[in-house]
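Take each task first, then compare your steps with the worked solution.

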Amino acid sequence: MKTKKINDKYKLYKYLWWYKKPWYNWTKFETDMQGNDVQDIIEALNIKKYGKRIEFIYDRACLRLDEFYKGKDLCKFCDGKCLFAQRGHLKDYNGCCRLCRYQSDKGCTTSNLTCKSYYCGLIRDLEETLEFKDISLIKLYSIRQRIMCFDNFYASREDFLLELKIGLIIFYSFHTTYRMIKNFWWLKNHKQK
Ligand code: SF4
Ligand code: SF4
């Protein structure tokens with residue numbers, strides 16, 4: 001296997017679209033640069049199996065978001081109502097998760113990249129948030145995969161990854177619709193109990 005060393009951050013980011021191409025499948029990337037952002041990208045580029053790389057990017061981006069928000073209480077829940085609800089913009093309990101089958105008393109039971117990076121306008125105005133554009137690793141996904149990441153709420157990690165791996169907008173649209181129907185059916189039955 002050939003080796004390619006990149007020690008120029010600007011060059012690494014600028015040519016990411018090129019370095020992720022199949023002709024680098026037999027190249028090992030190296031760097032002396034430090035920092036999670038660069039190290040994550042190099043690690044991802046060295047995963048040559050398509051599915052494994054997609055999973056790595058997903059889990060690592062989730063981890064970086066978890067690390068960023070660890071110990072912070074941006075939504076300021078009080079008696080089941082988030083800040084947005086406390087200010088009268090929302091009547092329901094459980095904030096953004098109120099319509100999702102993966103909610104539980106102990107929080108989210110799955111790991112959803114879109115949800116982890118989402119905050120409503122109120123919170124984004126008041127607090128510092130981490131957005132997709134701040135996570136360079138995501139740029140290793142194709143444009144279609146990035147589109148799927150922006151708006152994929154109420155999906156389990158497994159469903160999300162399946163959609164990313166298939167990578168077709170048409171499949172994503174059908175699968176999302178199917179998931180939404182399943183979700184609201186579950187919600188309807190759950191609320192009746
Ligand atoms: S992001 Fe906004 S709407 Fe969602 S739970 Fe937090 S405060 Fe509530
Ligand atoms: S998948 Fe998203 S909306 Fe559903 S419980 Fe988890 S964080 Fe909330």
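**Exercise 1.** Find which residues of the largest nonpolar core touch the most other members.

*Solution.* Start with the terms. A residue is buried if 20 or more other C-beta atoms lie within 10 Å of its own, exposed if 12 or fewer, and partly exposed in between, with C-beta atoms placed from the backbone. A nonpolar core is a set of buried Ala, Val, Leu, Ile, Met, Phe, Trp, Tyr and Cys residues joined through C-beta atoms within 7 Å. Here the largest core has 24 residues, and Ile-57, Ala-61, Leu-137 and Ile-138 touch the most other members. Next, look at where the core comes from: H3 (36–45), H4 (50–69), H8 (143–150) and H9 (157–166) each supply at least two residues. H4 gives the largest share, 5 residues. Helices (H or I, at least four residues) and strands (E, at least two) are DSSP runs, numbered from the N terminus. Finally, zoom in on Ala-61: leaving out residues up to four places away in sequence, Ala-61 touches Leu-113, Ile-135, Leu-137 and Ile-138. Contact here is C-beta atoms, placed from the backbone, within 7 Å.

This is a predicted model, in which local features need pLDDT of at least 70, side-chain atom pairs count only at pLDDT 80 or more, and totals for chains, interfaces and linings use all residues. Residues are numbered from 1 along each chain as its sequence is written, while chains are lettered from A and ligands numbered from 1 in the order in which they are written.

**Exercise 2.** Work out which residues of H8 are buried and how they are arranged around the helix.

*Solution.* First list the buried residues of H8: Gln-145, Met-148 and Cys-149. Now look down the helix axis: these residues fall within an arc of 100°, so they line one face of H8. (The arc is that of the directions from the helix axis to the C-beta atoms.) Then turn to the other side of H8, where Ile-143 and Phe-150 are exposed.

**Exercise 3.** Describe the surroundings of ligand 1.

*Solution.* Count a residue as near if its C-beta atom, placed from the backbone, lies within 6 Å of the molecule. The residues around ligand 1 include Cys-75, Cys-82, Tyr-119 and Cys-120. H5 (83–86) and H7 (121–126) are the elements that give two or more residues to this shell. Last, sort the shell by type: 9 nonpolar, 1 polar and no charged. (Ala, Val, Leu, Ile, Met, Phe, Trp, Tyr, Cys and Pro count as nonpolar, Asp, Glu, Lys and Arg as charged, and the others, Gly among them, as polar.)

Notes: Contact = placed C-beta atoms within 7 Å.
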